[in-house]
Amino acid sequence: MSAAFIFEQLLNSLQLGVMLFVMAAGLTLVFGVMGLINLAHGSLYMVGAFFCAWVAGETGSFWIGLGAGLVAAAAAGAIIEMLVMRRLYDRDHLDQVLATFSLILIFNEGTRWVFGAQPLYLDIPDALATSVPLPGGGGYPLYRLMIIGFGVLTAVGLYLLISRTRLGMQIRAGESDREMIGALGVDINTLYTLVFAIGAMLAGLAGALVGALQSVEVGMGEPVLILAFVVIVIGGIGSIKGALIGAILVGLVDTLGRAFLHQLFALALPPAEANGYGAALASMSIYLLMAIVLAWRPKGLFPVNA
Amino acid sequence: MLEMRRENLLNAGIALLLLAVPLVAWAIDETYYITVASRVAILALAGVGLNLALGFGGMVSFGHAAFFGLGGYAAGVLSHHAFEGSAFMSWPVMIDGSDSTLTLWFAALLLSGVVAAIIGAISLRTTGVYFIMITLAFAQMIYYLAISLPTYNGEDGLPLYLRSNLPGLDLSNDLTFFFVCYALLLLAIFLSVRIVGSRFGAALECARQNENRLSAIGIAPYPVKLTAFVLSAMITGLAGALFVELNGFVSPSILSWHLSGEIMIFVILGGVGRFYGPIVGAALFIVLETVIGGYTERWQLFLGVILLGVVLFARGGVIGLLAGKARHD
Amino acid sequence: MTEPLLVLDGLHKSFGALRATDNVSLDLAPASIHALIGPNGAGKSTLIAQIAGSLKPTAGTVRFLGQDITALSVPKRAQLGLGRTFQVSSLAMAFSALRNVMLAVQARQHATFRFWRPVRVDRSLIDPSMAQLERVGLKERAHLPVTALSHGERRQLELAVALALEPKVLLLDEPMAGLGGEDSLRMTEVLTGLRQDVAMLLVEHDMDAVFRLADKISVLVYGRVIASGSVEDIRASQEVRDAYLGE
């Protein structure tokens with residue numbers, strides 16, 4: 001096991017972690033401000049990926065595609081906020097779960113209708129289709145490094161947005177007291193639509209960026225959605241900081257589990273069995289992490305007083 | 001009082017209708033519909049299980065597919081070994097496969113119950129949206145475990161070649177199989193009625209309405225909820241075992257989170273906390289699948305729209321529409 | 001002199017920099033009513049929550065019937081005989097009044113894990129529950145759902161539920177709050193009638209009721225007990241007048 005391999009795996013964890021953060025940030029922002037649990041967040045991820053792949057295919061430019069993916073996801077978010085979500089803020093979580101589950105069914109079939117049943121493929125832009133040498137030998141894809149960069153930019157951007165801007169002030173006010181935003185003279189409907197669209201755009205960003213690493217297909221947002229749930233449950237629902245820490249933790253545990261667990265088992269078991277059990281335990285590892293965190297802190301690492 | 005009577009009449013009608021469908025199908029030799037009715041009965045049974053936790057205990061479990069699937073795997077794996085003539089495990093105790101229906105049911109009840117006790121013990125430390133997400137996440141964990149364990153074909157699943165043996169009955173006869181599913185469904189509803197009406201049920205319903213109240217009179221909510229969660233999971237697990245027998249196939253798809261959502265849909269479409277609601281919900285679901293699915297592959301689009309409409313505008317479900325608000329006197 | 005039933009010793013509770021409870025010590029003698037008064041935000045409800053067990057104090061102990069219960073959960077304390085009513089009525093809203101009380105009777109019998117027999121026909125639950133409802137004057141309303149009861153009736157029901165536990169001590173968090181003159185008078189009568197059976201720690205703003213009921217009064221301001229004594233002492237105290245009564 002070389003140092004380069006370990007380093008590469010650490011970068012992979014970081015890449016998965018920041019993508020989960022971008023995804024989870026939108027989810028936790030919407031929960032923090034509006035108290036809404038949105039299962040259709042994964043559908044917005046899918047919308048971002050599909051529009052990015054489609055526009056990039058038509059124009060030949062990944063970057064135009066990325067822009068289109070962000071706009072489409074934000075627009076889809078704004079539309080479902082105005083049509084559906086708005087009616088759900090005062091409902092219990094069960095209604096929210098069911099309504100947004102219905103939206104998943106609608107989005108999945110709708111996407112299949114518009115784009116067909118075949119997956120789309122999104123190419124990495126030529127300029128980024130190279131590797132950067134790693135210390136200790138080997139290389140790491142530049143595109144994945146860029147994803148990490150995007151994730152860090154998102155984290156910094158969100159931090160600045162929330163701590164330094166007028167919108168951020170309204171968001172913070174909205175988290176602590178809905179009536180207070182009314183008192184600040186803010187139109188609450190516009191604020192909620194805007195916050196939801198920002199969350200949707202983040203999901204679209206994650207979908208578009210990951211779309212170039214895997215095939216773009218219907219249902220692609222669902223496994224990511226569930227990972228994002230694990231992240232915000234670990235971090236504390238409603239906390240952006242918690243989402244960041246949770247995402248990095250989940251990225252680390254998942255990637256390193258897959259890379260190293262079977263090697264650990266191989267110390268005691270024959271290779272075939274070691275691989276089998278290693279893979280099985282690796283696929284469970286983040287849920288075990290979640291269980292441990294919750295047994296210790298039932299409201300996550302950074303609980304938000306709601 | 002009038003509403004109570006109306007709901008009772010409605011319930012009797014629902015139960016009789018579900019019984020009539022396969023009998024008519026058998027009389028006119030449309031055996032496909034016997035299988036459809038068995039599907040409805042089995043999925044409704046899964047819903048009856050969830051309803052105990054969700055409808056009466058207020059525990060919004062988004063992971064009941066885990067128990068459905070575990071029940072299915074328990075039955076499927078044992079009968080697979082029986083067919084192969086191999087042992088399920090040889091250490092620390094010898095456990096052979098089995099083709100006895102009662103053994104398979106027992107295994108399904110046991111496995112789903114034990115796992116529910118573990119998942120519930122952790123998840124019930126949390127409430128609200130955390131509980132929803134955690135039950136979902138634990139179900140995903142079991143789903144991925146089933147996919148990544150190569151022993152039972154992982155993602156591809158296991159075919160089962162024979163139905164199991166129930167003394168005195170021939171389960172390979174579709175109508176007999178339906179009657180068994182139907183009987184278990186009614187039994188589960190009867191058990192739910194007794195449990196909800198009992199002292200335990202009173203505490204459970206109070207936990208749903210107001211947990212602080214329950215604590216303040218000296219009943220700890222946690223063991224009450226955990227017990228109900230386990231009972232709920234066992235009923236759903238039994239449904240899983242029947243489902244696997246009906247299909248002659250077990251695969252991780254019966255553990256998927258879509259199925260968790262669907263079981264929840266059965267409960268909500270019929271009416272949360274209505275004993276016969278899951279039958280209505282499951283039947284509507286299957287009818288939509290069969291009818292709209294006959295016209296277009298996109299039937300899930302319509303299902304989504306209809307479900308969204310029910311959640312936004314018709315909150316009591318079908319039984320709520322027909323029989324008025326639920327009463328708890 | 002008999003042993004006090006309930007003893008608070010040096011209770012502290014801080015939320016960050018805020019001291020909600022600051023070195024509170026008091027006790028409650030058998031067959032007595034100890035009233036706790038003070039302005040809004042003085043920390044009365046926080047104190048009740050620490051006695052009932054829903055909040056853990058930062059420091060100090062709560063002793064009940066000679067036993068240190070500081071670490072016990074809410075249900076455990078209730079089982080020992082510590083009953084309470086809530087400031088804002090906290091009942092099982094979908095249940096009838098009767099079923100709310102029946103649940104408390106069942107809790108008193110330590111018989112919750114019974115899955116078969118319907119409570120609907122269980123005389124061992126219904127009869128004692130009806131007796132409690134009669135005691136607070138709600139017998140005629142027994143079969144109505146809580147949602148159909150008036151505010152005053154809900155307060156009476158809260159009391160009936162607490163009494164069904166046959167508590168040794170009752171914590172009453174503003175039982176008169178929001179009651180009209182007649183309801184308030186009725187509640188005062190009921191509480192007076194209970195005094196011999198159960199000791200009460202009474203948080204109340206209605207000073208008429210407090211002066212009529214209490215054997216002893218403690219005044220809480222900013223989390224501290226600034227005065228404690230008989231009704232006459234408190235009426236006479238200049239400090240109390242300045243801090244509270246005079247406002």
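This briefing covers the pockets, salt bridges and a surface patch of the structure above. The model is a predicted one.

**Largest pocket**

- The lining of the largest pocket is made up of 46 residues, and those that lie nearest its centre are A:D92, B:L54, B:G55, B:R208 and B:V272.
- Helix α4 (93-115) of chain A and, from chain B, helices α2 (32-56), α5 (128-148), α7 (199-209) and α12 (299-313) each supply at least two residues of this lining, with the largest share, five residues, coming from α4(A).
- Sorted by class, the lining of the largest pocket holds 18 nonpolar, 17 polar and 11 charged residues.

**Second largest pocket**

- Two or more lining residues come from each of α11 (271-296) of chain A and α3 (64-84), β1 (87-89), α4 (101-123) and α5 of chain B, and α4(B) gives the largest share, eight residues.
- By class, the lining of the second largest pocket consists of 30 nonpolar, five polar and one charged residues.

**Salt bridges**

- A:D95 and A:R91 form a salt bridge in which the closest N and O atoms are 3.1 Å apart; A:D95 is buried at a relative accessible area of 11%, and A:R91 is likewise buried at 16%.
- A:E109 pairs with A:R112 in a salt bridge whose closest N and O atoms lie 2.9 Å apart, and because the two residues are three apart in helix α4 of chain A, about one helical turn separates them.
- Within that pair, A:E109 counts as buried at 6% relative accessibility, whereas A:R112 is partly exposed, with a relative accessible area of 28%.
- B:E211 forms a salt bridge with B:K225, the closest N and O atoms being 2.7 Å apart; this pair links distant parts of the chain, with B:E211 in helix α8 (residues 211-216) and B:K225 in helix α9 (residues 221-247) of chain B, 14 residues apart.
- Salt bridges with shared partners also join A:E109, A:R112 and B:R298 into one network.

**Nonpolar surface patch**

- A nonpolar patch on the surface is formed by A:V152, A:V156, A:Y159 and A:L160, which together have about 370 Å² of accessible area.
- A:V152 lies in helix α5 (residues 142-164) of chain A and counts as partly exposed at 45% relative accessibility.

Note on methods
Residues numbered from 1 in each chain as written. Chains lettered and ligands numbered in written order. Predicted model: local features only at pLDDT ≥ 70, side-chain atom pairs only at ≥ 80, totals over all residues. Heavy atoms only, no water. Patch = residues over 30% accessible without salt bridge, like charges linked within 9 Å, V, L, I, M, F, W, Y side chains within 5 Å. Areas by Shrake-Rupley, 256 points an atom, 1.4 Å probe, with all protein chains shown as cover. Salt bridge = Lys/Arg side-chain N within 4 Å of Asp/Glu carboxyl O. Helix = DSSP H or I, 4+ residues; strand = E, 2+ residues; numbered from the N terminus. Buried < 20%, exposed > 50% of the residue type's maximum accessible area, 1.4 Å probe, protein only. 1 Å grid on protein atoms, 1.4 Å probe; cavity = no way out; pocket = protein on both sides within 12 Å on 5 of 7 lines; lining within 4 Å. Nonpolar A, V, L, I, M, F, W, Y, C, P; charged D, E, K, R; others polar.
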